[in-house]
Amino acid sequence: MKAVLVMFDTLSRRYLSTYGNDWVLTPNFKRLEEHCVVFDQFYCGSLPCMPARRELHTGRYNFLHRGWGPIEPFDVSSIEMTKAKGIYTHIVTDHSHYWEDGGATYLTRYSSWEGFRGQEGDRWMPALNKDELKIPKLAAASKVSDSLYHNYANRLQQSEEAEMSSVKTMQAGLSFLDHYHDQDNWFLQIESFDPHEPFVVPQRFLDQVKDTYKGDYFDWPAYKQVSETEAECDHLVKRYAALIAMCDEYLGKVLDAFDRYDLWQDTMLIVNTDHGFLMGEHNWWGKNVQPQYLEIAHLPFYLHVPKLAPKRTDLLAQTIDIAPTLLDYFGCEIPASMQGKSLINALSSQCEIREAGLYGTYGGHVNVITKDTLYMRASNEVNQPLYMYTLMPTSMRGFLPKRCLSQAELYKGFKFLDDLPVLKLPGGTFVNSYVYGNLLFDIKNDYNQCHPIKNEELEQHMIELLKKGLAESEADEAQYIRLGLK
């Protein structure tokens with residue numbers, strides 16, 4: 001048995017023709033409909049990048065117990081389980097967060113891995129002399145950080161399309177398929193950091209979206225409220241759309257390989273993303289500091305399973321369902337610790353997976369979603385108490401500070417860990433959900449979430465679903481207190 005997962009970062013469904021877009025050229029995402037089950041109700045779980053990837057391995061929500069960090073020593077990884085079953089697992093990626101402290105244990109779960117340098121703030125090329133980097137004025141004003149300097153140093157090594165790390169990633173995946181298409185028992189993960197910002201894209205794709213911007217060079221919005229001119233906003237949107245068109249073209253090469261080697265007959269294909277992005281909607285850029293509106297949380301998802309007929313489905317599914325789906329496909333037992341459900345089993349039985357799903361960012365709103373309603377539960381004013389539970393005390397690019405480690409204590413009591421002791425540490429976050437308050441939306445009639453509603457009976461119903469989800473996730477008592485539920 002064979003399987004391929006093609007994962008993009010920050011791929012918004014509203015820019016894809018499958019989901020109704022009529023101005024961005026995405027014929028290959030559309031082409032997936034010929035072979036795949038297309039999910040109309042697929043949502044993220046934990047945000048952003050590494051929390052979502054931990055869910056790919058563990059099939060559990062990450063954000064209720066920890067923020068950004070590595071695979072834990074106690075985690076049950078679907079990748080390692082398939083490897084133990086005799087499946088060769090390989091990943092090709094340019095997602096640079098994998099080779100930082102906060103992502104350092106993911107790639108080594110695979111039988112082999114290949115990485116390509118240079119995306120975003122990857123500490124790849126030296127940025128010793130900042131004056132030599134010639135950073136445009138708008139870029140320097142919007143992103144003041146070491147990541148900006150390293151990114152512009154990295155760009156010096158990627159002046160041609162073939163040199164771009166995302167292109168190298170896709171080509172490496174295609175090379176794997178060329179070499180091993182006729183062998184059995186493997187899993188390939190092709191993971192592109194694009195279309196994540198900065199929106200660096202060859203001119204030919206900008207021409208496709210008819211970008212006529214003549215102002216200062218600008219391709220990297222900060223996570224903040226919109227303050228740019230209308231022309232600058234339009235340009236950023238078109239740069240993002242152009243990068244999605246580029247992703248579509250390279251996805252098409254993977255689909256060509258499936259056609260060429262007739263992999264549709266014996267190979268599962270998953271095409272997914274970790275989260276979307278606000279491109280000016282709700283007057284925001286980004287995905288982290290603001291409420292996680294559906295532009296961020298509602299995801300495109302495609303699944304091809306041999307002998308399973310292509311169709312659209314409104315089953316309410318999430319990122320946590322990918323791990324058990326992979327295990328089910330390869331004939332592995334699904335651990336009791338996984339909260340997700342096999343999508344293969346759900347599609348075969350036509351049974352609903354869940355009435356409601358949770359999603360969110362560590363320390364931010366805890367959101368509960370049904371097919372008709374979105375409820376965003378905010379924290380108390382001080383966003384406390386808040387704890388993290390880990391044996392890997394790291395953040396994105398470093399270790400947790402001593403003031404945090406000095407308050408560590410061992411905690412036992414999580415059933416999903418078989419009562420293994422873990423470090424309980426005081427948590428903190430730059431997210432402030434209190435300033436937005438609790439938000440309730442009728443997404444069936446107000447999908448764009450323009451008009452929060454007041455309905456005490458509906459809100460109480462959503463609170464009960466939220467509390468049920470927290471209980472099933474073994475959220476600690478502190479979560480109930482900071483959310484005003486106790």
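Predicted model: local features only at pLDDT ≥ 70, side-chain atom pairs only at ≥ 80, totals over all residues.
Which elements each supply at least two residues of the lining of the second largest pocket? They are β15 (357-361) and α13 (456-472). The largest pocket holds about 980 Å³ of space, and the second largest pocket has a volume of about 420 Å³.

**Largest pocket**

- The space in the largest pocket comes to about 980 Å³, and 42 residues line this pocket.
- Closest to the centre of the largest pocket are Trp68, Ser395, Met396, Thr429 and Phe430.
- Two or more lining residues come from each of α2 (49-58), β18 (387-390) and α12 (402-405).
- Sorted by class, the lining of the largest pocket contains 20 nonpolar, 15 polar and 7 charged residues.

**Second largest pocket**

- The lining of the second largest pocket consists of 22 residues, and those closest to the centre are Gln339, Arg354, Ala356, Gly469 and Glu472.
- Helix α13 contributes the most to this lining, with 4 residues.

**Cavities**

- Rolling a probe the size of a water molecule over the atoms shows where empty space is left.
- The count of cavities of 30 Å³ or more is 3.
- The largest cavity has a volume of about 150 Å³.
- Lining the largest cavity are Gly118, Gln119, Glu120, Asn151, Arg155, Gln158, Met164, Ser165, Asp194, Pro198 and Val200.
- By class, the lining of the largest cavity is made up of 3 nonpolar, 5 polar and 3 charged residues.

**Strand β1**

- Strand β1 (residues 2-8) is largely enclosed by the rest of the structure, because 7 of its 7 residues are buried, that is, under 20% relative accessible area.
- In a regular strand the side chains alternate between the two faces of the sheet.
- β1 pairs with strand β8 (residues 267-273) in the parallel sense over 7 bridges, and the bridge partner of Val4 in β8 is Leu269.
- β1 also pairs with strand β7 (residues 186-192), in the parallel sense and over 7 bridges; in this pairing Lys2 stands opposite Trp186 of β7.

Notes
Residues numbered from 1 in each chain as written. Heavy atoms only, no water. 1 Å grid on protein atoms, 1.4 Å probe; cavity = no way out; pocket = protein on both sides within 12 Å on 5 of 7 lines; lining within 4 Å. Points joined across faces, edges and corners; volume = space filled by probe spheres on them. Nonpolar A, V, L, I, M, F, W, Y, C, P; charged D, E, K, R; others polar. Buried < 20%, exposed > 50% of the residue type's maximum accessible area, 1.4 Å probe, protein only. Pairing = 2+ DSSP bridges.
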